[in-house]
Amino acid sequence: MVQRTTRTEKLDLRLSRAAKQTLQAAATAERRSVSEFVLDSALSVAEERLADRRIFTLGAKSWDAFIAALDAPPRRHARLERLFREPSVFDVKSES
């Protein structure tokens, strides 16, 4: 059984008559509503576009360098240490 989720958001778009007819024809061919067809198609493409931002592969040499960088102790940065010693605009100031 297909689980349905409540749809509370709306997305409007402008398109040409030819584009609308193409979408309607494709939806009809799949025996689905235009909304279902467009939503499923758009989500599928969106997931493909985002996949390379979540998963990446490295060769053995690059992987070893990546792991070594993660395992290495943090480097000291004098300017960063000085910055953290200075008072911040977010520090609570005592009122005199």
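A residue counts as buried when its relative accessible area is under 20%, as exposed when over 50%, and as partly exposed in between, with a 1.4 Å probe and protein chains only. Helices are DSSP runs of H or I with at least four residues, numbered from the N terminus. The model described here is predicted; local features need pLDDT of at least 70, side-chain atom pairs count only at pLDDT 80 or more, and totals for chains, interfaces and linings use all residues. Residues are numbered from 1 along each chain as its sequence is written, and side-chain values use heavy atoms, with hydrogens and water left out.

Of the twelve residues of helix 3, the number buried is zero, so this helix lies largely in the open. The expected span of a helix is 1.5 Å times one less than its number of residues. For helix 3 this gives 16 Å, in agreement with its end C-alpha atoms, which are 16 Å apart.

## The aromatic pair

A pair of aromatic rings is described by the distance of the centres and the angle of the planes. Rings of Phe, Tyr and Trp (its six-membered ring) pair if their centres lie within 6.5 Å; planes under 30 degrees apart count as stacked, over 60 as edge-to-face and the rest as tilted.

A search of the whole structure finds one aromatic pair. Its members are Trp 63 and Phe 66, in a tilted arrangement with 5.7 Å centre to centre and 45° between the planes. Because they are three residues apart in helix 3 (residues 60–71), Trp 63 and Phe 66 are separated by about one helical turn. Trp 63 is partly exposed at 43% relative accessible area, and Phe 66 is also partly exposed, at 33%.

## The largest pocket

A pocket is identified on a 1 Å grid over the protein atoms alone, as an open set of points where a 1.4 Å probe fits, with protein on both sides within 12 Å along at least five of seven lines; lining residues have an atom within 4 Å of a point. Grid points are joined across faces, edges and corners, and the volume is the space filled by probe spheres set on the points.

The largest pocket has a volume of about 630 Å³. It is lined by 16 residues, of which Leu 11, Leu 13, Ser 35, Val 38 and Leu 39 are the closest to its centre. Helix 1 (17–29) and helix 2 (34–54) each supply at least two lining residues, and helix 2 gives the largest share, six residues. Leu 11 lies in the segment before helix 1 and is exposed at 74% relative accessibility.

## Salt bridges

A salt bridge is a side-chain nitrogen of Lys or Arg within 4 Å of a carboxyl oxygen of Asp or Glu. The structure holds four salt bridges. One of them joins Lys 10 and Asp 12 at 4.0 Å, N to O; Lys 10 is exposed at 72%, as is Asp 12 at 63%.

Another links Arg 76 with Glu 81, the closest N and O atoms being 3.0 Å apart. Arg 76 is exposed at 69%, whereas Glu 81 is partly exposed at 30%.
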